[in-house]
Amino acid sequence: ARKIISSDTFTEAEQELMEPYKIYPPIYSAICGIIYFFTGDLDGAPKIYHIIFSSALIVPIFLISLRLYGKETAVISSLLLTFLPALSTTIYYSVRHVSFNFFLYLSLYFIFVGYLKNKIKYYGLGGFFLGIAYLIRQEVLVIVFAVLLVIILKGLLENNKRFKDIFKKALVFICLFLPLFLFSSVYAYNSTGKWSLGGDKKWKYDHFMTGQGIIDGVSNNVIEHGYKVYGSAEENNNSILTAIKKNPKAYISRVIKNFKILMDVLPSPTVVPFYLYLFMGIAFFEALGNSDQLKRSIIFIATVISFILLWTIVFFVQAKQLVPIVPVFAVWIAHGIKLTQDKIRVKNPKKIFVYLPSIVTVLSLAIIFVTYTKAISKDIPRETKVIGEWIKSNTSVSDLVIVPKEWFDERFYLQYYSKRKVRCEFPENL
């Protein structure tokens with residue numbers, strides 16, 4: 001972000017600060033650069049970024065809940081967004097997800113309105129905001145697939161197979177998404193010779209071929225082969241499809257293993273605590289007896305299913321990778337709580353009893369939030385700052401600083417404080 005404000009191009013800034021094979025989409029760095037420009041506080045820029053977009057996420061989720069289930073569910077879902085660990089603690093492991101979530105659900109809101117009102121312009125707005133989400137995280141492509149599928153199926157089932165109407169909606173949606181998609185892809189190709197700004201293709205490829213991934217930091221495969229991970233453009237252009245074609249059995253085995261991990265991670269305290277799924281079950285049980293409500297929810301069901309099937313279990317399962325589907329869960333959980341409160345309201349109309357499910361849920365999430373954030377939040381170690389400043393005083397700007405592999409996680413802090421290029425040393429280089 002600092003280098004972008006200093007008039008370097010995005011590619012130059014990313015190539016200097018990150019490993020040579022990584023170039024990330026630009027929105028996060030650009031917005032942090034703007035915040036830094038106005039505040040002069042680069043350390044605080046990601047925190048301000050997190051506050052802005054995590055607060056803004058409440059708006060589309062409230063509007064979606066309001067149209068889907070009514071005001072009471074909308075209020076409860078907004079409260080859940082504030083305390084669900086997967087959303088409230090993302091600043092500690094992936095700040096990008098908060099803005100990705102905001103633009104993703106803003107897009108889904110407009111698509112949902114287009115679905116309800118059967119108006120093409122809302123599909124266009126949905127496509128545009130999905131394009132912005134793509135400039136933050138590229139997994140949005142699986143959501144694009146889900147939306148197109150819903151448009152086609154809705155048209156076939158409800159419009160008497162009026163293909164012209166289906167084609168118009170799909171075309172407007174894609175035409176508003178495509179310019180932003182092409183902007184990043186063409187820029188990436190002109191700058192690097194690759195069509196994708198997501199630069200960890202080689203690691204994803206090795207993840208399939210060796211059964212080892214980056215879930216624990218540096219994979220065994222990377223350590224074993226050292227700097228081969230930074231190989232040629234041709235080597236790094238191996239795709240996941242190539243890996244599946246070469247070893248389909250390994251791919252199927254990997255998917256099954258990831259699905260088992262998913263079943264362990266989803267109900268964990270860091271994503272959605274297991275007891276909240278009881279409320280989600282209540283919401284789904286009601287929907288099964290209400291075909292209209294089930295139809296209205298189809299875009300969100302399709303989003304969750306496509307994200308899990310086409311992204312999560314295909315690559316790797318981490319709590320932060322599930323953050324994009326948690327807001328949908330919050331809406332369904334909120335509706336389950338609302339239905340429970342309706343049952344209580346019939347038997348005992350006193351407010352303290354009626355709202356007990358909401359009060360207990362929010363308090364329990366607040367306890368988990370406080371406990372979890374205390375466990376994971378920590379300042380940058382003082383010694384990292386001291387060493388970074390020492391490196392700056394004892395090296396020149398053109399120097400490349402090599403640190404031991406034990407400093408893999410701290411290398412970016414050293415890079416920031418030293419204003420030097422810092423790389424991690426692998427065994428073959430010792």
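This is a predicted model: local features need pLDDT of at least 70, side-chain atom pairs count only at pLDDT 80 or more; totals for chains, interfaces and linings use all residues.
## Basis of the model

Local features require pLDDT of at least 70 and side-chain atom pairs pLDDT 80 or more, whereas totals for chains, interfaces and linings use all residues. Residues are numbered from 1 along each chain as its sequence is written, and side-chain values use heavy atoms, without hydrogens and water.

## Packing of α8 and α19

Helices here are DSSP runs (H or I, at least four residues), numbered from the N terminus. The axes of α8 (residues 96-117) and α19 (residues 298-312) come within 10 Å and cross at roughly 140°. Axes are lines fitted to C-alpha atoms over the stretch in contact, with angles from 0 to 180 degrees between N-to-C directions.

In the contact (heavy atoms within 4.5 Å), Leu108, Ile111, Phe112 and Tyr115 of α8 meet Ile298, Ile299, Phe300 and Thr303 of α19.

## Aromatic pairs

The structure holds 17 aromatic pairs. Rings of Phe, Tyr and Trp (its six-membered ring) pair if their centres lie within 6.5 Å; planes under 30 degrees apart count as stacked, over 60 as edge-to-face and the rest as tilted. Tyr49 and Phe53 have ring centres 5.0 Å apart and planes at 50°, so this pair is tilted. Both residues lie in helix α4 (residues 45-56), four residues apart, and both Tyr49 and Phe53 are buried (under 20% relative accessible area, 1.4 Å probe, protein chains only; exposed is over 50%, partly exposed in between).

Phe110 and Phe129 form a stacked pair, 5.7 Å centre to centre with 10° between the planes. This pair joins helix α8 to helix α9 (residues 120-134) across 19 residues.

Terms used
Helices (H or I, at least four residues) and strands (E, at least two) are DSSP runs, numbered from the N terminus.
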